[in-house]
Amino acid sequence: EFMEEHPDLLRRMTVTGQSIGILADAEAPDQTILEQLAAGNRALEEATFGKTRLVRIQNGTEQDFQAVREAGYRFLEPDLDRTGYQLQSVSNANSLLRRISNQRDDVTVWLADTANLSGLRAFLSAVGNAEGQCLAWTETA
């Protein structure tokens, strides 16, 4: 749905080198996970002339994960799931940065739809001020 509603955003993201992943739900009543991923890649290819192997699966079983692996996809697995928290202000950004700073190693954060442009900008600014780095996921062959 998102890809169909925002093709210009997706084109801009791919032009600037951002990776795009596909979200699929194992409990979706009308499509299997692999059908959802195929449909997502068709929409992505139509919008950006590219495809992705990066996926996040919700409500999947080990059998589902194995089938997705065997189909050649790679999982986006967050170390920190922040879907229950907003990222829409400087205060939210500082809270997330404090949470990440408590980790010893690199941290992958899942924000889903809880973030807006202001929150992301505030977070990236806070990370830069703390001399940290935010790196986008990239695909390799």
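Is the crossing of α3 and α4 left-handed or right-handed? I opened the notebook with this point, working on a predicted model, and I found that the crossing of α3 and α4 is right-handed.

**Entry: the helix pair.** I looked up the geometry behind that crossing and noted that the axes of α3, residues 33-48, and α4, residues 62-70, come within 10 Å and cross at roughly 40°. Angles under 35 degrees would count as roughly parallel and 65 to 115 as roughly perpendicular, so I recorded α3 as oblique to α4.

**Entry: the residues in contact.** I then listed which residues make the contact, and wrote down I33, L34 and L37 on the α3 side, with D64, A67 and V68 on the α4 side. Sorted by class, the contact of α3 with α4 holds five nonpolar residues, one charged residue and no polar ones.

**Entry: the sheet.** Turning to the strands, I found an open sheet of three, in the order β1-β2-β3, with parallel pairing. I noted that β1 (22-25) and β3 (74-75) each have a single partner strand and stand at the edges, so one side of each is left without a neighbour in the sheet. For the pairing of β2, residues 54-58, with β3, I counted two bridges in the parallel sense, and I saw that V55 stands opposite F75 in β3.

**Entry: helix against sheet.** Last, I checked where α3 sits relative to the strands, and recorded that α3 lies across β1 and β2, running at about 150° to β1.

Terms used: Residues are numbered from 1 along each chain as its sequence is written. This is a predicted model: local features need pLDDT of at least 70, side-chain atom pairs count only at pLDDT 80 or more; totals for chains, interfaces and linings use all residues. Side-chain values use heavy atoms; hydrogens and water are left out. Two strands pair if DSSP finds at least two bridges between them. Helices (H or I, at least four residues) and strands (E, at least two) are DSSP runs, numbered from the N terminus. Contact means heavy atoms within 4.5 Å. Axes are lines fitted to C-alpha atoms, for helices over the stretch in contact, and angles run from 0 to 180 degrees between N-to-C directions. Angles under 35 degrees count as roughly parallel, over 145 as roughly antiparallel, 65 to 115 as roughly perpendicular and the rest as oblique. A crossing is left-handed if the near helix is turned anticlockwise from the far one by less than a right angle, and right-handed if clockwise. Ala, Val, Leu, Ile, Met, Phe, Trp, Tyr, Cys and Pro count as nonpolar, Asp, Glu, Lys and Arg as charged, and the others, Gly among them, as polar.
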